[in-house]
Each structure stands twice: as C-alpha cells, then as structure tokens.
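Let's take a walk through this model together, strand by strand and helix by helix.

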Amino acid sequence: MNRTVRIAAGQGFWGDWLEAPVRQVRGGPIDYLMMDYLAEVTMSIMQKQRSRDPAMGYARDFIPLMERMLPDVVGKGVRVVTNAGGVNPRGCAEAVLAAARKLGLQGKVRVGLVTGDDILGRLDELLAKGHPLKDLDSGRPLTDIRDKVLSANAYLGLAPIVEALARGANVIVTGRVTDTGLTLGPLVHEFGWARDDWDRIAAGTIAGHIIECGAQSSGGNLMRDWRKVRGLENPGFPIAEARSDGSFAITKHPGTGGVVNLASVKEQLVYEMGDPHNYITPDGVADFTSIQLRQAGKDRVEVSGIRGGPRTDKLKVSIAYFYGYKAVGTLVYSWPDAYEKARRADQVLRGRLRDLGLEFEQVLTEFVGVNATHGRLAGAPSPDLAEVQLRIGVRARERAPVERFTREIAPLVLTGPPSVTGFAGGRPAVEEIVAYWPALIDRTEIEPHVHVDVLQA
Amino acid sequence: MSTSTSSRRSRGRAAPPARPPARLQLHLLAHARSGDKGDTANVGLIALEPEYYPVLVKEVTRARVARHFRGMVSGVERFELPNLGALNFLLHGALDGGGTISLKTDAQGKVYSTALLRMEIPVPAALARRARRGAS
C-alpha cells in the first residue's frame with residue numbers, strides 16, 4: 001500500500017511563529033497538524049499561571065489560532081494534535097469547544113482530551129510507595145525539595161492519542177505528551193502499526209523529532225550556507241509524508257521560503273541529541289545511527305532504514321520546583337576603551353555589593369561583544385571596539401539581595417566609569433527561578449490513570 | 001612517503017613539495033547545531049563533505065575537545081554517526097547550572113556549536129586546499 005499520511009508541524013515551542021499553523025492548513029493538502037508547545041520549563045510557567053487563575057495553565061495562544069483555523073480544519077478534514085493543554089488540558093479543550101460554537105461549528109468538532117500525566121496530587125502517595133523520583137542529573141531524592149515542587153508530569157506516549165483518534169476526535173488536546181508522540185500517535189493510528197513493531201515505532205519517533213521544532217528542519221536556524229536560504233520572511237514549516245513501511249519524506253508546501261535539504265535535516269537530527277544509539281521515548285528506543293537520508297528533489301529529503309528497540313518499563317517525569325531568585329543588569333560602554341571601562345564598572349559594582357554585605361549563590365559577569373557566547377575561546381578583543389555591553393547576573397535563594405542588586409545598576413551611570421548608556425529599560429526585574437527536576441517512574445504507576453474523553457462541540 | 005618523493009625526483013619529474021599537514025579551523029570542514037539537556041550542552045558536528053568525516057573522526061577526539069573547552073566544561077563524551085557524517089559531543093557541566101538556573105547569555109547552549117567550530121585540527125594539505133576553496 002502506497003498511501004501516504006501528511007503530518008505538518010505548526011509550532012515548535014510556545015512562542016513560535018503564529019502564522020505557521022494557519023499557512024500549513026491553507027497552503028496545501030495535509031492530514032494532520034501537529035503543534036508542540038511544551039519545553040522543559042513550560043509546564044512550570046503554566047502551573048504558575050494556573051495558580052493565579054484556575055481557568056489558565058495552557059498555551060493561550062492556541063485558542064485564537066484555532067478560531068482562525070477551525071473552519072479550514074473542519075472543511076478540509078485536517079486533524080489537529082497538540083500538547084497545548086499544558087497543566088490544564090481540560091480548560092484548553094473547553095476553550096476549543098467554545099471557539100467552535102462561536103464559529104457555528106456545532107457537531108463538527110470533536111475534542112479528544114488526554115489527562116493523567118499530571119501527578120502533582122499523587123506525589124506523596126508515590127513517594128510513600130517507595131518511588132524516590134531521584135533527579136536524573138544529581139541523583140538526589142525528591143524529598144530534598146518536596147515542599148518546593150510546583151508541577152509534576154509524566155511524559156505520555158502514543159497510546160492516548162491513538163485512542164482519541166480511534167474514537168473520532170478531530171482536535172486532540174493533551175498535557176505532557178512527548179513531542180515525538182504527537183507525530184507517532186497519528187501514524188500508528190493510520191497504519192495500524194503494532195506497538196512492538198520497534199523499527200516502525202522508531203521511524204515515527206524520528207519523523208516526529210525532525211518536525212517537532214518547526215522550521216528548524218526547513219531552513220530556520222540553518223548554519224550551512226545560511227546566506228543561500230531564501231524567503232525566510234515566509235518560512236515553510238516542515239511536513240512529514242509517511243508511508244506504512246516506516247519510510248517518510250520531509251518536505252514543505254510549495255511557494256514557501258526556507259529549504260529542506262540534507263543539511264537542514266541533519267542539523268535538526270543532532271539537535272539536543274544524547275547517545276544516538278538510544279533515543280529513549282515512552283514508546284520505544286530509536287537508533288539515530290540507522291537513519292538513511294537522500295535528497296529526492298527540491299525541498300524533499302527521503303528518510304529510511306530506521307531501526308529501533310523495545311520501550312523501557314519507566315516513564316520520564318518532569319518536575320518543576322521553586323529554586324530562588326535572579327536578576328540580570330546591563331549597561332553599554334562606548335569607544336574609546338569600551339572593554340576597559342566595562343571591566344572597571346564590573347569591579348566597582350562587585351565592590352559595592354561586597355560592602356553592602358549581600359550574599360549571592362553566584363555573580364556572573366559577561367562582556368557582550370567580547371566573551372558572552374564563547375568565553376576565553378573568543379581571544380583578546382580589538383582595542384578599538386565600538387561598544388561593549390556589561391552584563392551582570394546574580395542568583396540567590398533569598399529575594400532581598402537580588403532586589404538590592406537591581407538598585408545598584410543605575411547608580412553606575414553617574415558614579416562609575418564614563419561613556420555609559422543603554423539604561424532606558426529601567427531597573428532589571430527580579431525573576432523567580434523555577435528549576436527542572438527530571439526523574440523516572442514505573443510506567444505501571446502512570447498508565448492506569450491515563451484517560452481519554454471525547455467532547456463534542 | 002619520503003622514499004617515493006625522492007624516487008620521483010630522481011626521474012626528474014616536477015614533484016610537488018612535500019607539504020606538512022595544514023591546521024584548519026573546524027568551520028571550514030563542518031557545520032554544527034547545539035542544544036541542551038539540563039546542565040549538559042550537546043554539539044552535533046556535521047562534515048561539510050563526505051571525505052571530511054574520517055578526518056573529523058580521527059582529529060576531533062574526545063580528549064582534544066575536552067582540552068578546547070577546558071575550564072568551561074566538566075566532562076566530554078563523543079558518539080559517531082557515520083550515516084550522517086556527524087559526531088555528537090556531550091559537554092557536561094557546560095551551562096552554569098543550565099535551564100532557568102543559569103545566568104549565562106547562552107544558558108541553553110545554543111551557540112556552543114560555533115564555539116567548537118573555532119577549534120583547529122591538523123588536516124592533510126590537499127584536503128585543506130579543497131576546504132579553503134569550498135569556503136571562498
């Protein structure tokens with residue numbers, strides 16, 4: 001069977017280009033629109049918003065987008081799969097239903113609502129049952145920071161998405177489903193792949209990985225020959241055209257900018273890569289060293305040969321916890337001797353912070369234009385630099401020293417080295433730090449709690 | 001090699017001078033993208049041409065990358081992806097705590113890729129000429 005299923009990427013993160021999903025739906029034939037909203041710390045931001053307003057906690061941008069797209073989505077029979085639900089998928093699903101009613105699309109929108117990833121309310125029960133939820137990086141047990149936890153979500157895989165599709169949902173709203181599961185789920189539904197057909201599961205996972213960051217695989221942020229990338233004013237977001245044998249092509253709509261070539265796909269493949277032999281997801285383990293790429297025409301790369309292995313008995317859990325406070329202040333020093341002036345200003349500021357007896361976990365100085373991105377690898381700066389930005393960040397567990405720091409930047413303008421500007425933005429803001437705590441849990445503790453509702457507009 | 005050079009000379013042909021290997025910055029041989037996982041940055045280093053890949057495998061060693069980033073990272077791992085003509089490096093402890101904790105401009109390691117491309121490696125002279133031509 002040569003049937004292809006076309007899955008189009010609409011958003012690569014919460015804050016991605018708002019025109020992209022609309023153009024994906026209108027720019028040519030697609031079967032699915034996949035929108036990934038959740039980065040590691042996104043859940044904690046949503047949790048914070050929900051604590052202020054119980055109706056919030058999801059990617060709000062998604063609703064006005066759906067208001068624009070729903071008539072086309074319904075008219076063309078496109079199905080939308082997204083993790084925009086964040087920590088409040090039910091609130092998100094209800095907002096989609098309200099949008100559908102407002103557009104007079106009653107009876108035409110069935111929202112699949114996936115819940116059960118949120119384990120914040122079960123943490124103590126899980127700890128008591130002997131799940132330490134250790135930080136995968138430091139090995140510390142969760143009890144160390146239990147009272148500071150703001151959100152806790154297990155990464156779900158393809159199963160609830162397949163169930164929602166099988167029950168006729170045309171808009172699927174989830175919480176913490178893996179980025180790749182949003183692509184893999186529709187493929188398993190369409191092709192009826194067995195859940196233990198590890199090579200095909202890996203293939204669908206890698207298709208998902210290639211398109212989950214939006215235009216980052218179709219010419220955006222492309223390093224190789226970047227000057228030759230045309231039309232980024234209207235970047236074509238990637239589309240995976242998948243076949244039942246697990247092979248697929250990456251392409252984009254005709255008439256859009258950007259480029260799909262070996263370089264653009266390779267750069268995305270290595271993005272955030274760990275051990276390439278073991279790309280672990282809830283649904284299987286993909287081997288990136290098996291991927292074969294071939295340029296198969298303009299803006300078209302064929303992907304095949306993918307192998308995979310069995311899923312593990314654990315699911316990853318993403319926990320966000322309150323860590324402390326930080327602030328970053330900046331000032332700009334101009335020629336002549338810009339760098340020297342900025343360094344002296346840094347000295348003066350640090351001296352004052354010391355004299356005030358303020359204690360910080362860290363004070364970090366970077367000189368933008370000299371060493372902010374490459375550190376000492378950048379070498380000695382030209383003595384003739386037109387300007388240097390002094391950028392000082394501080395972090396503390398307590399708010400007070402950070403608050404005081406934010407009041408010590410402006411005085412440097414009149415009390416420090418000369419030819420300084422760039423303070424129009426006012427005092428830097430004190431930011432609350434919500435940190436990320438990745439852990440593992442037995443999948444048997446999570447999967448029985450995963451639930452799919454199909455709600456009709 | 002010196003033997004063959006001298007034998008060519010003895011037959012009176014114009015021999016190319018024996019060139020020592022050139023030193024080339026990686027940006028002439030590879031492109032790259034980086035990302036983060038916690039306090040670890042990864043850099044995927046991708047050969048610009050298939051014949052550059054074996055040179056990358058041989059010269060861009062784990063130890064050399066660790067030396068390149070000394071003082072900036074706490075440990076380096078290397079993986080090979082011959083199918084993509086790519087190496088993947090994990091740079092542990094590279095992000096000053098990483099994620100939201102880090103105070104760095106590049107808290108998510110987005111441009112560690114280009115920091116690796118500053119590294120110089122020895123390259124056979126003919127390949128260096130080709131790489132320089134390709135870059136111009």
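In β14(A), the bridge partner of A:Val149 is A:Tyr321. That contact belongs to a set of five bridges that join strand β5 (residues 149–154) of chain A to strand β14 (residues 314–334) of chain A, the two running antiparallel. Strands count as paired here if DSSP finds at least two bridges between them, and the elements themselves are DSSP runs numbered from the N terminus: helices are H or I with at least four residues, strands E with at least two.

Before going on, a word on what you are looking at. This is a predicted model, in which local features need pLDDT of at least 70 and side-chain atom pairs count only at pLDDT 80 or more, while totals for chains, interfaces and linings use all residues. Residues are numbered from 1 along each chain as its sequence is written, and chains are lettered from A and ligands numbered from 1 in the order in which they are written.

Now find helix α10 (residues 338–355) of chain A. Its 18 residues reach 26 Å from the first C-alpha to the last, close to the 26 Å expected at 1.5 Å a residue (the expected span is 1.5 Å times one less than the number of residues). Which residues of α10(A) are buried? They are A:Ala338, A:Tyr339, A:Lys341, A:Ala342, A:Ala345, A:Asp346 and A:Leu349. These residues cover an arc of only 160° around the axis, which puts them on the same side of α10(A); the arc is that of the directions from the helix axis to the C-beta atoms. A residue is buried if 20 or more other C-beta atoms lie within 10 Å of its own, exposed if 12 or fewer, and partly exposed in between, with C-beta atoms placed from the backbone.

The buried residues of α10(A) pack against β14, β15 (362–368), β16 and α12 (412–415) of chain A, where a contact means C-beta atoms, placed from the backbone, within 7 Å. On the face turned away from that buried side sit the exposed residues A:Gly351, A:Arg354 and A:Asp355. Just after the helix, A:Gly357 takes a positive phi of about 75°.

Elsewhere in chain A, look for an open sheet of three strands in the order β9-β10-β13, with antiparallel pairing. Strands β9 (279–281) and β13 (307–309) of chain A stand at the edges, each with a single partner strand, so one side of each is left without a neighbour in the sheet. Strand β10 (residues 284–287) of chain A pairs with β13(A) over three bridges, and A:Asp287 stands opposite A:Arg307 in β13(A).

Finally, turn to chain B, whose secondary structure comes to five helices and six strands. Along the sequence, chain B follows the pattern α-β-β-β-α-α-β-β-α-β-α. Of its 136 residues, 48% count as buried.

Key:
Contact = placed C-beta atoms within 7 Å.
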